[in-house]
Amino acid sequence: MVDLAAPAQRPHPTRSARVQYWPGTPIPVVAVLIVIAASVLTFDLIMPLGVAGGVPYIALVLAGYWLNDRRHIYTLAVIGSVLTMVGYLGSPDGGIPWVVLTNRALALFAIWTAAFLTYSYKKAERRERILSHAVEQSGDLVFITDLKGDIIYTNTQFTAVTGYEQSEVLGKNPRFLKSGHTPSETYKHLWENLLAGKSWRGEIQDRCKDGSLYWAAARVTPIRDRDGQITHFLAMHEDITARKTEHQQLITARVEAEMANRTKSEFLANMSHELRTPLNAIIGFSNLLKNKTVSGILGNKQLEYVNDIHESGEHLLELINDVLDVSVIEAQSLNLQEELIDPIKAARAALRIVAGRIDDGQLNLVESLDVPDVEIYLDERRFKQILLNLLANAVKFTPEGGRVELLAKYQPGDKLCFSIKDTGIGMDADELAKALTKFGQVDSSLARRYEGTGLGLTLATGLAEALGGSLKLTSEKGVGTTATLTFSAKRIAHRPDQTSH
């Protein structure tokens, strides 16, 4: 950022920097002004009244044009006025009094008129010089054309960007810059705007002198005279080649990343399907081995091995199912069987599935599902899958004697919300962010009571969005976590009266 604040201490100009010299000579301007004043006064004093008059003192005022400070012009006008009166009082007699006085009055008028005009001209010249320097030193490529489109001016940045010297392009139409990659409709729209007296903005790709291409954010504006007639066109081009290159690289990288992600998801989905068949066989045969009527009585060690095989198979199948679901969601190929369901009935069914874990963990369950007469348009299996994932997490991370709550209620706007709250270990902001990533698990000895894939929250979030809902998590370290699943009113088929809210 450029600091526009004034410096605490400004440098003082040297003596040589304060001295002004007459253009083209080593003579100080002050010396020239003294000579002019002395010469005019001498001329006035030796001539009869009314002959020289005060008009020659205008030369003193006009000489002020070469002073840096235009305010000194009025100082010279004061000096000229005083010398005019001195010349009147000290010059030889002669002339008709009223004519002489009229001459002196006109001289004073001429002196101050010349001073005003010179001051105004210097002021306008300074403004034009500032504008000229601003254009010349602009970081944008600038050129001006006449009504035919031929170039009459270019700034230094034009040469820096395109490689063309000003002498090479004056009098030429800027079409020599065309790269051939900018659509003709762009130029057509440009001229339609300009000929209608409007400005035009857009992006074009032009060609430099060495054949290289560059992108420009172009702004072309008509220039009007005092009568409002268009006389020229001003074009300002900002070189945005680097920006466009970076943008294109980002697009390319994003496309490649999306393709890689889809490829990975498809691979995982295919592998999951291939692994499910043998896993189901392993789980099925381990169940048969545990059945005494089929396999006979097993020894304690044999039964332990069979249980390990069965539990490991179940865990691996759960992992594969989660990976498959996440992959399907990422590949945007999730098939939903949506219909009108009773969400309260589905929620209670999910609770029954985790009831054993709640009892094993010696947790207190609080259920508040008293939402009357409601049906919602959802995929029931996926809805229960979300609740099961959230309830399983609540149970897993809540110590013995803790509390798990499942609540359903309406929110403003007739939104239906399901909240799963626990009094577990909770998470800080960094841990919560980690838990929401794929395979993200917060390290905790308590969490290792149950094996986990780290996909539960990712899967629940993806399923909630696929069902047209949203999932929000809040957590506080040492206090607990709350997961809120929300569905909008447009998915709800039957809602209670306002009195039932």
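Let me begin with a definition: angles under 35 degrees count as roughly parallel, those over 145 as roughly antiparallel, those from 65 to 115 as roughly perpendicular, and the rest as oblique. What you see is a predicted model, in which local features need pLDDT of at least 70, side-chain atom pairs count only at pLDDT 80 or more, and totals for chains, interfaces and linings use all residues. Residues are numbered from 1 along each chain as its sequence is written, and side-chain values use heavy atoms, with hydrogens and water left out.

Two packed helices are described by the angle between their axes and the distance between the axes. Helix H13, residues 380-396, packs against helix H15, residues 456-466, at an angle of about 150°, with the axes 9 Å apart (axes are lines fitted to C-alpha atoms, over the stretch in contact, and angles run from 0 to 180 degrees between N-to-C directions). H13 and H15 are therefore roughly antiparallel to each other.

Most residues other than glycine have a negative phi. The phi of Gln-362, however, is positive, near 50°. Is Gln-362 buried or exposed? With a relative accessible area of 52%, Gln-362 is exposed, where buried means under 20%, exposed over 50%, and partly exposed in between, using a 1.4 Å probe and protein chains only.

Finally, Val-86 has its place in helix H4 and, at 37% relative accessibility, counts as partly exposed.

Terms used
Helix = DSSP H or I, 4+ residues; strand = E, 2+ residues; numbered from the N terminus.
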